[in-house]
Amino acid sequence: QEIPAGEGAEMVLIVEDDVEIAPDFLKRWAELWPYMPEDWDVIRLGWFGDWKNCSQRVNGKVDRAAWRDPRGGVCEYCGAQAYIVNPARKERVLQRFERSRMTHADELLGAPTPLAEDPVEVPPLHSYVAWPMLAKTHYADSGYPAFPSDRRF
């Protein structure tokens, strides 16, 4: 299976401002591509919060992005540090944002219907995460994110 090319098949990597993209990104993306499910709406290439528990495993390189942020627990399949929306399915993703109440973008980019939404009106997405990640938050030598502006309260 080859990465689609040609008019209408262009893919765009959307990243947060504090992201480090893997130096060999194109090589690793080409290696990941054969593992991508054909029905994908979104693939997150930078994210956090699964710890490889295999609960949402699709194959050895891809998990279902089953966003979950339990009260007092650890966020699972969270973050939207870097992702690609399937050009052929972008309307599904746009409708998710238009029909949902205000919430975290990473919840909207997750596979399940967002909390408090009607699954008929806001159906699940075919959203996945990649192993290994091809992008991550940039950290300073101190061990904290290097760009704290979006983390101030």
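The following legends describe close-up views of a predicted model.

Local features are reported at pLDDT of at least 70 and side-chain atom pairs only at pLDDT 80 or more, whereas totals for chains, interfaces and linings use all residues. Residues are numbered from 1 along each chain as its sequence is written, and side-chain values use heavy atoms, with hydrogens and water left out.

**View 1. Overall composition of the protein.** The secondary structure consists of 3 helices and 7 strands; these elements are DSSP runs numbered from the N terminus, helices being H or I of at least four residues and strands E of at least two. Along the sequence the elements follow the pattern β-β-α-β-β-β-α-α-β-β. Of the 153 residues, 39% are buried, where buried denotes under 20% relative accessible area, exposed over 50%, and partly exposed the range in between (1.4 Å probe, protein chains only). The protein exposes about 9,300 Å², of which carbon and sulfur atoms supply 56%; accessible areas come from the Shrake-Rupley method with a 1.4 Å probe, and for residues only the protein chains shown count as cover. Among contacts between residues at least 6 apart in sequence, 68% join residues at least 24 apart, a contact being heavy atoms within 4.5 Å.

View 2. Strand 1 is joined by 3 bridges to strand 5 (residues 78–85), and the two run antiparallel. Within this pairing, Val-15 has Ala-82 of strand 5 as its bridge partner.

View 3. A disulfide is a covalent bond between the sulfur atoms of two cysteines. With the criterion of sulfur atoms within 2.5 Å, the count is 1 disulfide. The sulfur atoms of Cys-75 and Cys-78 lie 1.4 Å apart. The link is left-handed, with -70° about the S-S bond. Cys-75 is buried at a relative accessible area of 15%, and Cys-78 is buried at 0%.

**View 4. Aromatic pairs around Trp-47.** The structure holds 4 aromatic pairs; rings of Phe, Tyr and Trp (its six-membered ring) pair if their centres lie within 6.5 Å, and planes under 30 degrees apart count as stacked, over 60 as edge-to-face and the rest as tilted. Trp-47 and Tyr-77 are stacked, at 5.4 Å centre to centre and 15° between the planes. This pair links distant parts of the chain, with Trp-47 in strand 3 and Tyr-77 in the loop between strand 4 and strand 5, 30 residues apart. Both residues are buried, Trp-47 at 4% relative accessible area and Tyr-77 at 0%. The rings of Trp-47 and Trp-131 have centres 5.1 Å apart and planes at 85°, and the pair is therefore edge-to-face. Trp-131 lies in the loop between strand 6 and strand 7 (135–137), 84 residues from Trp-47, and is buried at 14%.

**View 5. A tryptophan cluster.** Trp-29, Trp-33 and Trp-40 are linked into a cluster by ring pairs.

Notes:
Two strands pair if DSSP finds at least two bridges between them.
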